[in-house]
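Have the structure open while you read.

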Amino acid sequence: MAYDEAFKSILITTQAKLSLEYNHLVIKQKEKEAKFFLKDINFIILESLQASLSSSLLNALAENKIILLTCDEMHNINGIFSPFLGHFISAKVAREQVAVSSQRKAILWQKIIKNKISNQAYVLKLFNHMQEYKELINLCKKVSLNDAKNVESTAASLYFKTLFGKNFYRNEICFVNSALNYGYAIIRSNIIRAVCISGLLPWQGIKHNNIYNSFNLCDDLIEVFRPLVDICVFNLKDTKESEFLDKESKQKLIQILQEELILENKSYPLNRAINFYVQNFKNALLENQELFWVNLK
């Protein structure tokens, strides 16, 4: 089984000892013990601050391209251990990436934002906001090269207030924002791994250009996938009273990686779609190929 076919996500929420045994992850918790074949594991989230693991296990996680995410005291994802898997001609890829013209980047960013707004429109249509759906479709048509008029921002304001209420703001502390941030972090970690494997420089974005951000390119590529998280959060929000995420909500958000998407008329689970999309983006960036359109299903 290839790494992009791995399907198991493991959430560690209580004290545990993680170790390696014959190509299996072994998790010991009090009197319980569980084993998972490494090649089945997509990623592990260490939510508990009382989890310990061996260096031999870390080595095996890297060799099997398994993502390990850490969390802070508030159980928010704050770190990633990603395999350092440089492409076999990574220096050549990096030189070509740095040399890409501004015009090519502007063309690709225009298509990414059109795709993102189109997917946001799909979400509003899914929840019967037909007037706002049509407004987003019209905004999508107005996205120019490099989104020079920042249509993305206008669309986002309309989209989030339609979906989560007119008083909703992305920076307020509430369940919706906690869930959105958690879901986006899960997808972002998978994109980081795919970008590293592709040989592309993760900090060299086509739009994002923060000198303090090591993953500017990953933050460019996540845009088309965000609406999938938004659907999940919308379905969860009315069932939760606390601003904090419970275990059930996190499991629902992690399961997004198995949701189906359409790329080039073919259906893929999200975790595999990300790998195809990143490879296609690399070809579009360096070889002027057409960038795939990502459709929600």
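What follows is a short tour of ring pairs and of charges over rings.

This is a predicted model, where local features need pLDDT of at least 70, side-chain atom pairs count only at pLDDT 80 or more, and totals for chains, interfaces and linings use all residues. Residues are numbered from 1 along each chain as its sequence is written, and side-chain values use heavy atoms, with hydrogens and water left out.

The structure has 8 aromatic pairs. Rings of Phe, Tyr and Trp (its six-membered ring) pair if their centres lie within 6.5 Å; planes under 30 degrees apart are stacked, over 60 edge-to-face, and the rest tilted. Here are two of the pairs:

| Ring pair | Centre distance | Plane angle | Type |
|---|---|---|---|
| Phe160 and Phe168 | 6.0 Å | 40° | tilted |
| Phe164 and Phe234 | 6.5 Å | 45° | tilted |

The second pair, Phe164 with Phe234, ties together distant parts of the chain: Phe164 is in helix H5 (residues 151–164) and Phe234 in helix H8 (residues 226–237), 70 residues apart. Helices here are DSSP runs (H or I, at least four residues), numbered from the N terminus.

Zooming out, ring pairs join Phe127, Tyr159, Phe160, Phe164, Phe168 and Phe234 into a cluster.

Now for the charges: Lys161 has its charged end over the ring of Tyr169, 3.8 Å from the centre, while that of Arg226 sits over the ring of Tyr184, 4.6 Å from the centre. To count, NZ of Lys or CZ of Arg must be within 6 Å of the ring centre and within 35 degrees of the ring normal.

Terms used
Helix = DSSP H or I, 4+ residues; strand = E, 2+ residues; numbered from the N terminus.
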